[in-house]
Each structure stands twice: as C-alpha cells, then as structure tokens.
Amino acid sequence: MHSWLSMIFSYNKTAFVKKFCTSIYFVSAFLANARAQNDPVSIFKMEALTVKDGLSQGMINCMRQDHLGFMWFGTLDGLNRYDGYRFTTFRHNYSDSTSISGNFITSIFEDSRKRLWVGTALNGLNLFDAESETFIRFQHNNLNILKNSRVLSIQEDRNGAIWVGTVNGLFKIITKEKKGKRNFSKLPSPDRFFENNEVIITKIILDKANPSHELFRTHEKPAAMQYLESIFYIDTQGVVWVSVPGALYKIFPSAYTTDSVVSFNDDKLVFSNDNVLNISQDTSMGLIHLMHLHSITTVDQKNGSVSTAAFPNYNIGITRRQLIINGNEMWAAHNHKLFRHNLGTGKAEIIRPQSSDHAKMMGYCNHVYRDKSGVIWIGTSGFGLLKFNPHALQFNMVNTKSVIWMGATPENNVLANAVDFILLSRNNSSGKYYPDSLFSEKMKKWFPVNPPDIGAQTNDKNYYINASYIIKFNNQSKAYLTISDSAFRFPFFVDRDENIWYGLADSLCKFNTKTNQVIAYKYPVAKITTFPYHFLESLYQDGNGILWLGTVNGLFRFDERNKSWKQYINNPGDKESLSTDVIFSICGDIHHPEYLWIGTNGGGLNLFNKKTESFRNFSERDGLSNNVVYGILNANSGNLWMSTNNGLSRFTPPDTTNLKGIFRNYNEDDGLQSNEFNRYAYAKTNSGLLFFGGVNGYNYFDPEKIQDPDYTPRVIITDFKLSNKPVPFSDTSGKKNLLNKPVFLTDRIVLSYHSNMMTFDFAEMEFTNPAKNKFQYKMEGFDTNWVQPDMIHSATFTNLDPGKYTFIVRSVSATGKAYNNETSVIIIIRPPWYMTWWFRFFAIAVAVTGIYSFYRYRINETIKLMEMRNRIANDLHDEIGSSLSSVHIYSEVALHKTLNRYEEIVNHLNQISSETSNMIEALNDIVWAVNPKNDRFENIINRMRAATVELFEVQNMCVHHSR
C-alpha cells in the first residue's frame, strides 16, 4: 500500500488527500501491529539488492520472471532486468522512439506468446521486443486512448487477448497478425509491429445503468481508497473477475463475439461494509479467494459453493499483492510486515530478517513475489529488494546465545546449555520448540553458584543434572537428591539399562540410577593433558551392549562383561586406519549394525567396520563441507546429518548403485543459525527431529521433510566479449555488428581469425545464492571433457584455430550432479585469406597451370632440339658426307691410274683415301648420334653390338651377344 500512496502523492497536489490517506494508513498499521504483536515470528537470513548493487531505484512497484528466467523489476526510475549477477536498466530516452515510454513502471506481464508487456504511471503501455531490446509504444494511430494512461494491471485471457487496467477504465487489446507477406524491412521495431499486426482496443463497460461501476474510476473517495477498492483478475478458466466499490462482476471473454458481463451476487458478500479488495486463486484446488479487509470469501468453481473465513486481527486485503502457495498458504506484505497466513486455520506467522538493516527495509515492504525456483522476493517502498529461500523454513532456526551442548529426553524435549541451562519443550499448537521458563527457574534455584553444564533424563522421567556435583530430580515426588562428587564429568550417556555413563580424566564411570552407586573403569592408557578437549568426547552403545568411546587418543572398545579394552588409532602408513586420533562423535548405522560412523577433528568422516576392524575415510575431497565433524545423527531413512565448521552435511551412504555416497551441504543461506556449529551440541528426539546448535543459536528439523527444490533451472549465456570488451548487437540504425540480437537469443557467431580471444558470461536462473551456483562447460572441437564444476560464471578461450566450435554450458546441482539444462552457441572462426578454400583452390590452380606450362615449354624445347638435330644430321649426311664420298672416290680412281708408276703419289693417295674413309666413318657416327631416331635404347644396343663385332673381327675374335 505504501507504494501506491507514494505514487498518488507524487501526482496529487491536494494537501487534504495527502493528510487523509496518510492518517488512514498509519492508524490501520498501528492497530494491526497492536493486534498481531503475539503472532509467532520466524527469523531468516535474507539478502538485500539495492542501488548499490545496480538497481536503478529503490521503489519496487512490480516484479515478474520471464520464460527465460530473468527477473524484471519496475521502479520509479526505469525497468530493471536481473540475471543473478548484474542489473540491466531500460529507461526512457526523449530522442529515441524505440525506448520505453516512461520511467515510472507500474506493471509487468508476460503473455502466452512470451511477450513482455510493461505499464507506466503516466505514459501508457509498452510491448518489449526482445530481439532488438526496444519497446513498442501503444501510442500509434487509434491507440491514443492509452497514450497518457496510468496502467495499474495487465493480464491475459485464454483467447490471447491482453486486458489492461488503467485509471481510465478496463481495456481489452487484441493483436492479430496481418495476412499476406510480412514486412521484414529495416524499420524500427514499433513501425514493423504495426505494419504487420492489426490492433483492436475495446473499453469494457461493466454496467451501463451504473456508470460509477468502472475499474479505478475517480469519484468522491480519495484516490488511495479508489485503488484499494478496484481490482480485476483473470482465473485459469479464463473468467475475468472485476471488483469495484459496491459490486463484483464476472466477464466471460469471447474471441469472436461480444464479451458476456454478469454480476456476481451472493448473500455472503456484503459490499456495503467490506468490498473485495483483492482476488487470488488456488490453481491446485480451483478455488477463487476474494480478499476483504478482515476476511476471505472462497468460491469453489467446481460446485459453486461460497464460504467465508474471518481474520479479524489482520488486514487481509489491504495489500494488492498476495501470493498463494500450495493452496493453503498465503504470503502477504502489509502493515510493514511480511505475513505467512494459513488459510485453513486462520493463523499467521510473521517473517522477519535476521539483520537489523534488513529489518528496517522490511518495515517498508509492499510487494511479495515467488519465482519458479521458489525464492521469495520482497519489494520495498524506496529501499530496494529483499529475497530469501523459503526452503530455509524447513530448518527451524532459533537465535540465542552460543549453544555448547544438547541432549534429547524421552519426552521428545531437548536439554541444552546456551550459557543458561534450559529445556526446549514443544508447543503442541504451533509445533515449535521454546525454552521452558519453569525449568530454567528450577536450575537457578538448584545451582545458584555453579550453573549446570550437562544433563540427562531417564525413561522414568527423572532428571540427572551435572555441575560441580550430580543432582537427581524426581519428576513425580518433585524431590531431588545430591550425589557428591567433585570431579568434572563429561559426557552424560544413558544406556539401555538406564545407567548413566560419564568420563573422568583417567577413567570411565557408570552411575547406577537404581542404587545410586558409581563404578569406575580405568582407561587402558596413561593420563594425558587434552586441553581444550576432554579425554572422553563421545559415547555410543551398540546392539551387543559394547561401549564405544571417542577420545582424543583414538577409538576405544569397552566390553563391561569381561572388562576388556581395545584401542584403534591412526597409523600413517595404513590407509585403512583411523584418519586422525581426535574423535568428536560416534553414530551407529541404522541399516548395517556392523558399521560405526565416526566424526573427527580435521580427519573428516570415518566408516568403521567392526568385523574387519578397518576404516574408510570421507573428507572434503569427497564432498564433505568441512573436515571437522562435530556431531553425527542418523535420520530414519539411513542418511547421516553432520554439523561442521562450515554448515551441515547430509550424507547418503554408499550402496551397490552408489559406491562413493552423496553429500549435500547446507549453510546460512539455507536457513542455518550460522555456518559454524559447536561440538557436543546435537541431539535426536524419539520423534525423529534433529537438533544442531552453533554460535548463533540452534536449528531443529525433520530430516525426512528436507527437500531440495524440484526444479531444473535454466542456464543463460548473458554476455559475449572479445578481448574483454562486450560485443554489442545491431540496433535500429542498421549498423552491422557481430550480433544482430542479444547473445542469449543467438545460435551462431561468426568471427575473423584475429578475433579468437573470447569470453562467455553465463548465469543460472536460480537466485537463492547466485554466487554459489556451479557450472560445467566445454568448447566442442577444442575440449574433450567438461571443465570441472566451478562457481566462476565465465569462460575464456584464446588462440583457437580457425574452424567450427560449439560452446556448451550447464549447471550443477548441490549434490554435484550435472543438470540436463545445457545451452549452447556455435562459434565459427574464419581462417585468414591464405587459409581459405578459395585461396587454396587458386593456389592449386596456379601451381597446376605453372607445372603444365613448364611441361609444355620443355616439350616444345625438346621438339625444337630434335628438329635441329634432324636438320644437322641431314645436312651432315647430305652435304659433308657427299663431299667426302666424292673425295674418297676420286682418290681411289687416281690411285688406280697411277698404280705402279709413281710410288710417292700412291702413298699420298693411300693416305688421302684412308683419312677420308675414317672421316666418313666418323661422320656416320656423328650423323647416327645426332639423329633423334637413334635415341631409342634398342638402337643404342644394336650400335654397340656392331661396334664390338667390328672391333673384335680385327683381332680374329668372335663375339656372341645375349639378351
């Protein structure tokens, strides 16, 4: 309500209205606070998101989660989108017609077509275009009716029509895609939308005979009252419920004909005194809840019955933003408080933040919203957001002083030492545990000087309390008996025979509650100094009556029947020995009596097999939250719960299908008193409730009811960077960028070879504690395996070779199991020009052409050479051969004619004949060699044969050639 009053005051200058509304508001708040002061209170750790975290402004008027998982918040200064790590703000820009029409955001709605509608206080209605991140203002042509409207509510009927509640009445908007070819021009998104769609707006008239019956109609009442007494709501059946001062209407929308408007009349609705101020629906039961100021009228749509439940102490309908969960539970922010109402019993619980700073913010809460994962968001009037995990309600948390010891009683109560020794007893009406004040008074009376530290209750309801001595209090006779013993005793353990065992510095003692006698059994080891620990830290009795002692000197087995002892200690060379000697807790295994679970100081969890006398260690590397295990309690299901220095761990022990076991860790964000717990401060009641105490109080819970959200969150790639610079996407100016829409809507990115240093930011749309969300990712084509789970929500890759890759990211559950929620984007890195296919084709073509050209050149040159050789051979044969032959012939003729006449001339002629004969043979050899026809190897062989035959014939030798 505070936000609406602030909005009214911002635009209504009438001092009377201001004073009147303010008076009503604070008087009602005061009365409600006075009535609700005795309501039970639950205190939880919350997280604040303010302008320091990037929120544009602290006045939260509306919230919504879209189909992708983003959270949207409407403020006085813009629309905010949140991904768990950062806010993106959309504001009005006077020079940009595609920006949102105004900064005062009053309503947000996502329709069935995944379109986001945004209403403003003075500037009408907007439709968000997700791909261009621009806004379509409904101020186009005949839409001026909404131009300056104050939009207070937006909803959708089952026919897809959008219903808009404004100060000018209720309107119905139908958008139809025009038939024919769509316009894909580069016009700004608003122009494209109206080019491609037909828009029909109809104002709804509830009753022509009663003009005052109109949504948010201004009349004689102050504006604040007007908003409170007008509401419309569309249920899952598509029926539109409209409440105006003095009347309630049901509208049955039609897609083709006129909508049917009927008046809803019932004797249980008394409009003159108690108008319907709000409407909610239980979707699981089909019930409509009509919220009045101090009552709820429930309409069962199945049988038409109407019933009314009174809430005289609460202003149920004073807020416009209730939240119905699981049918019977309603969350509402009103009167500066966050209430959780039980619609069945009519009781309420106040939810308060643990931090005093957050408590101040809660004093201005005006809006409550639940996202898909179950996180509760609380909007405030001027201070930002608070959020918390409702699953934290499973761990009932009580803030007290540090709890240093706890012990369960047979009556399902718990004894505890939190500086004062107290008894935590269960309130049957609320089911919660509170300190028993009478018991506390008794403790102060019995122990005025030395306060008690530990105690126990036996099945006969008698108490045994220890301080400097033991006192026995008879619960029936109310008498008490002092058992003198000045030694310090720790711990107290009640065995199956109602004997109380405790430890001294050098011995284990048994106190017989029937005879009041003490028997001491000396430890089998020498006395050692153990400060700040006791020598005996824990005791456990198994099914065979054997006592197991957890000490600072290992594990001891004690059999009282034969007074035998056995010690188990750490052996550094033996992996099957105890991991460390200081033991804080021992717990039996429900399903396997031969097993003991042992919590150690720094050695994690040990599983001891009594048959094989071997140990198996589980530590932080296996998923344990911390290696200091203070307390171990087993749930009836067989799971183990352990308190540590870093929260609680739930452990599902190994079995045939799970050889390693499964750890699930919880911390402050899950509703624990703190992350640090104390040794000795743990207990299990007979009813199965588990108690764990720590430095800021204690938690108690039913382990079988601790359930993790049954929800698979979506993973979104929120940002893409090159060289650590964000990559923008194309805007309406038509500028071409690497992205033409936001990266989370992009399926392919093409990069040049020198832009290969890239960073992806991603987020899981689960907002319990985004800083602790874990992810796995890999780059297919580069990584062979998933990168191990990490809380870092970004991944960087450098020097990737050109090629096609796929970046894939998914989130990991709290138990370490990867969700099936992968999201991916294809990355194509273009190669440099010298590595492209066309360059390679060109290079190959050039090489082939060059080789062929060279080949042709060589062929041509060879042909030319052959032709030259032929010409030389022919010339030699024809010219020189002919001339030499003539000389030879003439010399022979001359020799014949001068034979026996001139001896000297004959000798010269013989010499000329011989020389010319030799020249002819040499010339024949040259002609034969020059002739290309003789290049064949066969001709060379024949030539060689002829030469050898001729050579050897001179020597009268015969030569035979073989092939």
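Let's start with Asp83, which is buried because its relative accessible area is 6%; buried means under 20% relative accessible area, exposed means over 50%, and partly exposed is in between, with a 1.4 Å probe and protein chains only. Asp83 forms a salt bridge with Arg86, and the closest N and O atoms are 3.8 Å apart. By salt bridge I mean a side-chain nitrogen of Lys or Arg within 4 Å of a carboxyl oxygen of Asp or Glu.

A quick word on what we are looking at. This is a predicted model, where local features need pLDDT of at least 70 and side-chain atom pairs count only at pLDDT 80 or more, while totals for chains, interfaces and linings use all residues. Residues are numbered from 1 along each chain as its sequence is written, and side-chain values use heavy atoms, with hydrogens and water left out.

Back to the charges. Side chains of opposite charge can pair when their charged atoms come close. How many salt bridges does the rule give? The count comes to 26.

Take Asp259 and Lys172, whose side chains meet in a salt bridge at 3.0 Å, N to O. Asp259 lies in the loop between S17 and S18 and Lys172 in strand S13, so this pair ties together parts that are 87 residues apart in sequence. For the labels: helices (H or I, at least four residues) and strands (E, at least two) are DSSP runs, numbered from the N terminus. Are these two residues buried or exposed? Asp259 counts as buried at 16% relative accessibility, and Lys172 counts as buried at 5%.

Next, please find Lys510 and Glu560, with a salt bridge of 2.8 Å, N to O, between their side chains. Lys510 sits in strand S41 (residues 507-512) and Glu560 in the loop between strand S45 (554-559) and strand S46 (564-568), so the pair ties together parts 50 residues apart in sequence. Lys510 is buried, with a relative accessible area of 11%, whereas Glu560 is partly exposed at 23%. There is also a network of salt bridges linking Lys45, Glu668, Asp669 and Lys772.

Strand S13 (residues 169-177) also holds Thr175. Thr175 is buried, at 12% relative accessibility. Its side chain makes a polar contact with the side chain of Arg113 at 3.3 Å, and another with the side chain of Arg115 at 3.4 Å. A polar contact is a pair of N or O atoms within 3.5 Å; within protein, one must be able to donate a hydrogen and the other to accept it, and residues adjacent in sequence count only if both atoms are side-chain atoms.

Now for a sheet. Strands of a sheet pair through backbone hydrogen bonds, either parallel or antiparallel. Here, four strands form an open sheet in the order S15-S16-S17-S18, with antiparallel pairing. Strand S15 (231-234) and strand S18 (260-263) stand at the edges, each with a single partner strand, so one side of each is left without a neighbour in the sheet. Strand S16 (residues 240-244) and strand S17 (residues 247-252) pair over five bridges; two strands pair if DSSP finds at least two bridges between them. Which residue of S17 is the bridge partner of Val242? That is Tyr249.

One last stop: Trp837, in helix H7 (residues 837-897). Trp837 counts as exposed, at 67% relative accessibility.
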